[in-house]
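The exercises below are meant to be worked with the sequence and the three-dimensional view side by side.

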Amino acid sequence: MIKFICKRVLQMIPILFAVSVLIFCMVRITPSDPIASMTKGRKTSAETRQSLEEKYHLDKSLPEQYLIWITNAMRGDLGDSFEYKQSVNSLIAGRLPTTAQLVLMSAVLALVIAIPTGVISAVRMNRLTDRILSVLTLIFVASPVFLTAIALMLVFALRLKMFPSFGSGKTFAENLRYLFLPSVALSLNMVALISRITRSNMIEQLNSNYAATALAKGIPYYKVVMKHCFKNAVIPVITVASIQIGTMLVGAVLVENVFALGGLGDILIGGVKSSDYPVVQGITLMLVTVFLLINLLVDIVYALIDPRIRLK
Amino acid sequence: MAKFSEIFWHKPLFPGIHKKKQEGRFFTVPMVLSMLFLGLIILCCILAPAISPYSPTEQNLQDSLALPSMKHLLGADKVGRDLLTRLFYGGRTTLLSAIGVVAFSVAAGVPLGLVSGYYGGLADAVIGRVCDVVLAFPSLLLAFVLVAGFGRGMFSAVVALGIVYVPMLARLVRSLTLVEKNKTYVEAAGSIGYSDARIMFIHILPNCVSTITVQITLDLAYAILDLASLSFLGLGVQPPTADWGAMLDEGRNFLLQNPLLALAPGIAIIVTVVALNICSDGLHQYFEPVQRKLPSFKQAEKQAERRKRKEGVA
Amino acid sequence: MAQEPKLTEQEGHMADEKPESETGCKDTGGDGAENLLEIKDLKLDLMSVRGIIHALNGVNLKIRPGEIHGLVGESGSGKSMTSKSVMRLHNEQRSRMSGKILFHGRDLLKASRKQMQAIRGGKISMIFQDPMTSLNPLLTVGEQIGETYRQHEKCSKAEAKKKTCEILEKVGIYPPEKRALQYPFELSGGLQQRVMIAIAIACGPDLLIADEPTTALDVTIQAQILELLKKLSEDMGMSVLLITHNFGIVAEICDRVSVMYAGKVVETCDTKTIFRDAAHPYSRALIASIPKTGMNVEYLPTIPGSPPELYGENKACAYLPRCSYRDNRCLQAPEMKSCGVGHLAACHHLQAQEAEKD
């Protein structure tokens, strides 16, 4: 088991390294002039230009720049933003809580809704309940996250005035109310996807031989579903869900944009638009790391639940 | 993933057409419906200059934020451009760029997958690791980074998404190639002395086409969604051109005045994506008719009786 | 010449009917005991993508208390379908049953869901062909056995644990305390099948249905499992319905045997009789195609043709296309007729064959 975890962690390191190189190169793929965007196109003296270039190490060669960035990043320093005149670390620190809470709330919401729906759909396969749920999931899979967000905002915030339509609260509790609609919007996509997968997994398990054995033992149907099939069906769903968390991290950018929550998404998109290299690099690297860590964590949880992996 | 057709028994629309083939019907009710919708949307987009009553860029401030009326069927936006017209033209941009994304990913992903599956070894390892790295990014995030590099605009958005879609397709083609590679016909082709390229593209590829087609249809749906997301964030098309995503972005500021400005392009996206999903699913059913909802005994007996009567008449 | 056999056959037909209707109970059991399980004219239709399959077309089967009854037939003849019907394990939406399944004189097809639950695993239990997939991979062996016991005999967890160890010992798994904590994938195929048997006998059932219990195992293990089944049957006075396509297994442990063809039982008799004087042409062809030591032939006899498709209605005898005795009477499917003590067969030509043999 410990060997398994070590192996997974070691596998992550080269991938992270490659990811950092990829990010660094991609951001610089077309030559643009960051100084110009920094100074908003105003004419600058050669002196200021040079001092700015020195400050951000833009005068050095690309490999050197990469080395400086990555060694600092490993120490936990992601550099200074061109645009905001402060460190990327402090930018992230200020905005991370909102984004993290949003993603967390929607992930919990999604799992709590999706798994029971999927199970019900599977048990009532081809009946009316299943058909209605299936049509709904099909629509939610096809509906882009920002559209769901806008529709929810229109109905519940602007028309019914049940929730605030934008902004975020100061404390965690206050945020619950501000973040409710955004997290619903963010989760619906995942709800649809996961309930579809749960359904098909569950149907497969219900048709399995061991389910027949359990029925032949005289175990009542609901108990066969809940005790025998449920665990077998849901374990693979966890893996899919962990990959979906990645989609959610990006979806959060869109939802934050709609509800003006002022999370990480705003500065990331701002950075992309204004060629703010350190911001784009830093936030992307952080999100990818978080994504990989979540996947790692899920793999470990998976191994803990499934004896076939745990005992090997 | 749960298949739509698992839930809705695909009834044949024209039972006569499928007399030879017992299974795997192409023209089923959901399939025909979705193809009708898709056809209609595509037709509207192609014929946009002919059927739209206004020009997509023509401003008319008198009609600013006009509500739906006979003059503007769906209303007009802030500078008085007709929404319906813009919807047609926006659809052109959206569909064309989505096709571009998929074309890019096919052009790169299929050869990569074939090479990686057919040769194995070093080529496979290198391609596999590169795919791993790209897949380490949460879907759209890589597209953000690429757009940051390429600069904003529809072209860079298309290329960025195309790159993001390559590894998935490459992996699919690789796994299909691995299956086909060990079949006798490949061995036979090799023993005749055909070149590797010929075996890959002329012998193996046609046998993978059906699965790839299903995936492409689905990718097209995802491409529409992802492109809309990029445009919505202002990283895709730049004004005055607009696709459905950008229109949604413009329209959301006037939710209370005319919600259609945001909802109409949204609904257009949903309808197209749902139709594509059903098509992909229908194709899958057609190529591999395994799971299908079974009729009830009553239905089956009725059908059998009808068949008997028909035969009796004939 | 052509008319002669027909005449005798008709006479025989009438002669046969009498003893069957008058001394019916002689037929049902030479020892006079009541049947444990009696299947009467069981029909099963299944829904498939290609249409309705008439999987069982009137199965008649009687199982006496304490006997090991073999059910033989080629793949698709309906052996497993019969056993699944007894347990009522078919998907209710996709299947339709008619006829009677009398267990202790009670019709299982009319039993409520609750009653069926009590019978499954309690009075009748079942083991399947592939033990690997028939055990839940995520639960320990002990949990799966204890669960059965606790479902039927309300008792505490500790009691169930104790009982589980007892049962494991009974099926020859040592050391039971340690094995009970293992997961199915940690056991070999033979041990997995023993666990399946342990689950099946946990509540001391009256009837154990074994659906090809040794097909997935290698030959040495096969013998051990059969030995175990025989021993358990003797010790517990439990009847076993053993489904197999292997006559070797039948010869080894079965008391009586039924042969199935195309969804029907075509012959029932005791094990000795089937090897010496099988009455139905199909059974005889099957026996003839068993390789024997000292056989000195170029080719092993086979049955020409293939079993019929079970779609659509068929009133004729299902074996007609492959039978060398066929004539016009075979267009009407034959009933089961007595042709000896405890020996039933469904064929119009029993007499003709007898004559031929002598």
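Two residues are in contact if their C-beta atoms, placed from the backbone, lie within 7 Å. The model is a predicted one, in which local features need pLDDT of at least 70 and side-chain atom pairs count only at pLDDT 80 or more, while totals for chains, interfaces and linings use all residues. Residues are numbered from 1 along each chain as its sequence is written, and chains are lettered from A and ligands numbered from 1 in the order in which they are written.

**Exercise 1. Describe the contact between chain A and chain B from the side of chain A.**

Step one is to count: 46 residues of chain A and 41 residues of chain B take part in the contact. Step two is to assign elements, where helices (H or I, at least four residues) and strands (E, at least two) are DSSP runs, numbered from the N terminus. On the side of chain A that touches chain B, the elements giving two or more residues include helix H1 (2-27), helix H8 (172-206) and helix H10 (221-259) of chain A. Step three is to sort by class, with Ala, Val, Leu, Ile, Met, Phe, Trp, Tyr, Cys and Pro as nonpolar, Asp, Glu, Lys and Arg as charged, and the others, Gly among them, as polar. This side of chain A then has 30 nonpolar, 10 polar and six charged residues.

**Exercise 2. Characterise the fold of chain A.**

Chain A has 13 helices and zero strands, and along its principal axes its C-alpha trace spans about 85 × 55 × 35 Å. For burial, a residue is buried if 20 or more other C-beta atoms lie within 10 Å of its own, exposed if 12 or fewer, and partly exposed in between, with C-beta atoms placed from the backbone. By this rule, 43% of the 312 residues in chain A are buried. Of the contacts in chain A between residues at least 6 apart in sequence, 75% join residues at least 24 apart.

**Exercise 3. Work out how helix H6 and helix H7 of chain B pack.**

Axes are lines fitted to C-alpha atoms, for helices over the stretch in contact, and angles run from 0 to 180 degrees between N-to-C directions. Helix H6 (residues 139-150) and helix H7 (residues 154-181) of chain B pack at an angle of about 140°, with their axes 9 Å apart. H6(B) is therefore oblique to H7(B), given that angles under 35 degrees count as roughly parallel, over 145 as roughly antiparallel, 65 to 115 as roughly perpendicular and the rest as oblique. Among the residues that meet are Leu142(B), Leu146(B) and Phe150(B) from H6(B), and Val159(B), Ile163(B) and Val164(B) from H7(B). The residues of this contact of H6(B) with H7(B) divide into 11 nonpolar, two polar and no charged.

**Exercise 4. Is helix H8 of chain B covered or hardly covered?**

Helix H8 (residues 184-192) of chain B is hardly covered, since the count of buried residues among its nine residues is zero. Just after H8(B), Gly193(B) takes a positive phi of about 105°.

**Exercise 5. Examine two regions of chain C.**

In helix H13 (residues 281-288) of chain C, the residues Pro281(C), Tyr282(C), Ser283(C) and Leu286(C) are buried. The buried residues of H13(C) pack against strand E9 (256-261), strand E10 (264-270) and helix H12 (271-276) of chain C. Turning to strands, two of them pair if DSSP finds at least two bridges between them. Strand E1 (residues 37-48) and strand E2 (residues 51-63) of chain C pair in the antiparallel sense over 10 bridges, and a hairpin joins E1(C) to E2(C) through two residues.
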